[in-house]
Amino acid sequence: YIYKKLIIEEAFFNFLENRKWKLTWVSICGWEPTMQSDLKDFCKKIKDMWYKVKLDTNGRDPQIISDLINEKLVDYVAMDIKHEVWSFDKIIWVKIDEKPYLETIKILLNSNIDYEFRTTVIKWIHDEKIIENISKYTSGAKAYYIQNYKSWNTLDPDFSWKSFSEEKIKEGIDFFSTKPSWNCLCIAIST
């Protein structure tokens, strides 16, 4: 999503106008797009240019996501599920009400648009049990992606989270292939 002080909105739409026959999708992502008060208007302007819209979200605003879907302002939603519900604080270090996230999951599961759920797995934070718990409330999803955390280029040099080894990720593939919960399970192996 455009941070208004970095890119002027007019320049962004000029960019899209000049690429109408080269691009088909616009991905709205970064920080949390549903926190932007003009998100619906922004999506509408993009849709009016005949582009498809993908929204990347953490799912914190189910009503906004529902409105965007019902008003046909998004074509695809990718929702990050940081951790099993009732344990998000292990990732974000703050206690929050997690009911809205579950509501967003239900909205997507019951919607007619394409969507995916995804979790970036981090060594010492995630394990098979946590992913199995996530599967309980994402069961039947069109797609669930497990991507290995990449420990590089962080703003804090003391940041100590680590990636899983390729061997451990492959063990996860074996573990989850015996537990069909999703229509498509994709696991990124690269470390």
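1. Start with helix H3. Its buried residues are Pro 62, Ile 65, Ser 66, Asp 67, Leu 68 and Ile 69. Keep in mind that this is a predicted model.

2. What covers the buried residues of H3? The cover includes helix H2, strand S2 (52–57) and helix H5 (99–109). After H3 comes Lys 72, and its phi is positive, near 55°.

3. Now take H2 and H3 as a pair. Two packed helices are described by the angle between their axes and the distance between the axes. Here H2 spans residues 39–48 and H3 spans residues 62–70. They pack at an angle of about 25°, and their axes are 11 Å apart. That angle makes H2 roughly parallel to H3, because angles under 35 degrees count as roughly parallel. The crossing of the two helices is right-handed.

4. Which residues make this contact? From H2 come Leu 39, Lys 40 and Cys 43. They meet Ile 64, Asp 67 and Leu 68 of H3. By type, the contact residues are four nonpolar, two charged and no polar.

5. Look next at Phe 42, another residue of H2. Is Phe 42 buried or exposed? Its relative accessibility is 3%, so Phe 42 counts as buried. Glu 9 lies 33 residues from Phe 42 in sequence. In space, the two are 9.3 Å apart, C-alpha to C-alpha.

6. Move on to the nonpolar cores. In soluble globular proteins, nonpolar side chains tend to be buried together. The largest nonpolar core in this chain has 40 residues. Those touching the most other members are Leu 16, Ile 28, Cys 43, Ile 46, Val 74, Leu 108 and Phe 117.

7. Leave out residues up to four places away in sequence, and Phe 117 touches Met 79, Ile 81, Ile 105, Leu 108, Leu 109, Thr 138, Ala 141, Ala 143, Tyr 144 and Tyr 145. There is also a second, separate core of five residues. Among its members are Ile 91, Ile 122, Ile 125 and Tyr 149.

8. Finally, step back to the whole chain. It has seven helices and six strands. Along the sequence they follow the pattern α-β-α-β-α-β-α-α-β-α-β-α-β. Of the 191 residues, 43% are buried. Take the contacts between residues at least 6 apart in sequence: 71% of them join residues at least 24 apart.

Technical notes: Residues are numbered from 1 along each chain as its sequence is written. This is a predicted model: local features need pLDDT of at least 70, side-chain atom pairs count only at pLDDT 80 or more; totals for chains, interfaces and linings use all residues. Side-chain values use heavy atoms; hydrogens and water are left out. Axes are lines fitted to C-alpha atoms, for helices over the stretch in contact, and angles run from 0 to 180 degrees between N-to-C directions. Helices (H or I, at least four residues) and strands (E, at least two) are DSSP runs, numbered from the N terminus. Angles under 35 degrees count as roughly parallel, over 145 as roughly antiparallel, 65 to 115 as roughly perpendicular and the rest as oblique. A crossing is left-handed if the near helix is turned anticlockwise from the far one by less than a right angle, and right-handed if clockwise. Contact means heavy atoms within 4.5 Å. Ala, Val, Leu, Ile, Met, Phe, Trp, Tyr, Cys and Pro count as nonpolar, Asp, Glu, Lys and Arg as charged, and the others, Gly among them, as polar. A nonpolar core is a set of buried Ala, Val, Leu, Ile, Met, Phe, Trp, Tyr and Cys residues joined through side-chain atoms within 4.5 Å. Buried means under 20% relative accessible area, exposed over 50%, partly exposed in between (1.4 Å probe, protein chains only).
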